[in-house]
Amino acid sequence: MSFIERTSIIKEGDTVILFLSVSNHYPIEVTKYKKNKNGNFVENKFQTIYGHFDVMELVGKKYGTKFHLPRGWAYVLHPTCELWTKTLPHRTQIIYTPDISLIIFGLDLAPGSIVIEAGTGSGSLSHAFIRTVYPTGHLYTFDFHEKRAEQAREEFQKHGLNSWVTVGHRDVISDGFDVEKPADAVFLDLPKPWEVVPHVQRSLKRGGKLCTFSPCIEQVQKTVEALKKSGEFVMLKTQEVLQRSNSIQYRTMTSLDFALDESEASTGKLVPIKKEQCKFRTLIPPTQTAGHTGYITFATFVPGVSLS
């Protein structure tokens, strides 16, 4: 199976998304056996709030099928990058869909793009990168943690994405990227992105885009200083995504008509003579806004241009 190339029937070995409710999604590997906490292989049965079921029962069902559980029902969905971001096992903090959309847009990615990513982490953004550059592009992603890099490599293989991604175990701060082709874009999710700027200069093609993701503004300041000092980056800008979910609700408003009180005409006193209740639908903003996730900094690589 592949996250990109859709199929209609579930097969053994596929990764599917179990949908129980809007807030309950789970990734499941459709295999006969799975490893338990002790590392032993046991029958692959999945426990839900509506009871358990044998995962192999999903083989042969159509994606999108509603099937019954002992005390309820569920849908089984074809995996997408967005659903994977919601359900993936976290090896690190991940980048979520709102930030991912801005990153892909800001990097001007398209089918055929060559992208370098450091660090891979849990692979949330990596899946979206691969889908965007498919079918003729390629992602080179690096992580300094060897086990994380190996886990990401195994996931890409299971998800049918390995033809469009190369995973490397590498400390890019000291060793650079080791990518022969000049890249269209470089993305950095590192504690010290400013130290990687010289390697970025050697790896980006002219007009290529750099993007860094940093949770602290001090990191942004040091990165921007390094980019300006290099003299080869233009169009520097930093953005952040703050989500605000509005709700549509019914509200009731009271309207009053007034008239002059004849008994006290000399005072000009007004008294209510008509009272009506008006019910209407309106958009209600949230009482709290979702917190900050990270600062996203973009720059365009233009070597040989004097910025003085």
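Reply: Contact here means heavy atoms within 4.5 Å, while helices (H or I, at least four residues) and strands (E, at least two) are DSSP runs, numbered from the N terminus. The model is a predicted one, in which local features need pLDDT of at least 70 and side-chain atom pairs count only at pLDDT 80 or more, whereas totals for chains, interfaces and linings use all residues. Residues are numbered from 1 along each chain as its sequence is written, and side-chain values use heavy atoms, with hydrogens and water left out.

Buried means under 20% relative accessible area, exposed over 50%, and partly exposed in between (1.4 Å probe, protein chains only). By that rule Q219, V220, T223, V224, A226 and L227 are buried in helix 7. Seen down the helix axis, the buried residues of helix 7 fall within an arc of 160°, so they line one face of the helix; the arc is that of the directions from the helix axis to the C-beta atoms. Those buried residues pack against helix 6 (197-203), strand 13 (204-214), strand 14 and strand 17 (295-301). On the other side of helix 7, E225, K228 and K229 are exposed. Just after helix 7 comes G231, which takes a positive phi of about 75°.
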